Amino acid sequence: QVQLVESGGGAVQAEASLRLSCVASGGTLNLGTMAWFRQAPGKEREFVAAVSRYSHSINYGDSVKGRFTVSRDSAKKTLFLQMNSVKPEDTAVYFCAAKTYPSTSQDWEYWGQGTQVTVFS
């Protein structure tokens with residue numbers, strides 16, 4: 001079983017930068033693709049970014065392309081999300097998610113509790 005704990009959220013002004021972290025613990029030997037999702041009040045959960053086990057494949061949601069950068073440090077079992085030029089519409093709870101490796105499932109097996117990001121203008 002894998003546990004994911006996010007940190008780094010907070011309240012920032014528009015155009016500021018923020019860096020989120022997600023530390024994995026527990027059964028991480030077969031930790032595969034990791035991702036960030038977000039959910040704003042009254043809205044569905046939205047895909048933000050994902051990075052494969054060896055960082056060979058990286059994908060972003062359209063709304064964050066060019067502003068956010070996802071990365072991982074496998075040795076430290078940590079996923080990062082560098083958020084630059086944030087906008088009020090980036091306000092949401094940000095969740096870390098992960099799959100085991102290898103996996104062909106579309107489902108994300110593990111989820112963190114989330115960290116709140118609030119962007120004010």
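Buried means under 20% relative accessible area, exposed means over 50%, and partly exposed lies in between (1.4 Å probe, protein chains only). The structure is a predicted model, in which local features need pLDDT of at least 70 and side-chain atom pairs count only at pLDDT 80 or more, while totals for chains, interfaces and linings use all residues. Residues are numbered from 1 along each chain as its sequence is written, and side-chain values use heavy atoms, with hydrogens and water left out.

Start with Lys99. It sits in strand β9, residues 92-100. Strands here are DSSP runs (E, at least two residues), as helices are (H or I, at least four), and they are numbered from the N terminus. Lys99 is buried, yet it has no salt bridge. A salt bridge needs a side-chain nitrogen of Lys or Arg within 4 Å of a carboxyl oxygen of Asp or Glu. For charge, Lys and Arg count as positive and Asp and Glu as negative, with His and the chain ends not counted. The nearest side chain of opposite charge to Lys99 is Glu109, 7.4 Å away. What lies beside the Lys99 side chain instead? The backbone oxygen of Ser105 is 2.8 Å from one of its polar atoms. Contact means heavy atoms within 4.5 Å. Beyond four places in sequence, Lys99 is in contact with residues including Asn30, Leu31, Gly32, Asp107 and Trp108.

The structure holds 1 disulfide, a term for a pair of cysteine sulfur atoms within 2.5 Å. Its partners are Cys22 and Cys96, with their sulfur atoms 2.1 Å apart. Cys22 lies in strand β3 (residues 18-26) and Cys96 in β9, so the pair ties together parts that are 74 residues apart in sequence. The torsion about the S-S bond is about -75°, so this disulfide is left-handed. Both cysteines are buried.

Next comes the nonpolar interior. In soluble globular proteins, nonpolar side chains tend to be buried together. A nonpolar core is a set of buried Ala, Val, Leu, Ile, Met, Phe, Trp, Tyr and Cys residues joined through side-chain atoms within 4.5 Å. The largest one here has 28 residues. Leu4, Trp36, Leu81, Met83 and Tyr94 have the most contacts inside it. Two or more residues come from each of β1 (2-7), β3, β4 (31-39), β5, β7, β8, β9 and β11 (115-120). A second, separate core has 5 residues, among them Phe37, Ala50, Ala97 and Trp108.

Leu79 belongs to strand β8, residues 78-83. Its relative accessible area is 0%, so it counts as buried. Leaving aside neighbours within four places, Leu79 is in contact with Leu20, Cys22, Trp36, Val51, Val70 and Cys96, among others.

Now turn to the charged pairs. Side chains of opposite charge can pair when their charged atoms come close. The whole structure has 4 salt bridges. Arg38 pairs with Glu46, the closest N and O atoms being 2.8 Å apart. Arg38 is buried at 6% relative accessible area, whereas Glu46 is partly exposed at 30%. Asp90 pairs with Arg67, at 2.7 Å between the closest N and O atoms. Asp90 lies in the loop between β8 and β9 and Arg67 in the loop between β6 and β7, so this pair ties together parts that are 23 residues apart in sequence. Both Asp90 and Arg67 are buried. Arg38, Glu46, Arg67 and Asp90 are linked in a network of salt bridges. Asp62 pairs with Lys65, with the closest N and O atoms 3.1 Å apart. Asp62 is exposed at 67% relative accessibility, and Lys65 is partly exposed at 48%.

The loops hold some backbone details. A cis peptide bond joins Tyr101 and Pro102, with omega about -5°. Pro102 lies in the loop between β9 and β10 (110-111). Which backbone angle stands out at Ser55? It has a positive phi of about 65° although it is not a glycine. Ser55 is in the loop between β5 (46-51) and β6 (58-60), and it is partly exposed at 33%. Lys77 also has a positive phi, about 55°, and is not a glycine. Its place is the loop between β7 (68-73) and β8. Lys77 is partly exposed, with a relative accessible area of 36%.

Technical notes:
Polar contact = N/O pair within 3.5 Å; in protein donor to acceptor, adjacent residues only side chain to side chain.
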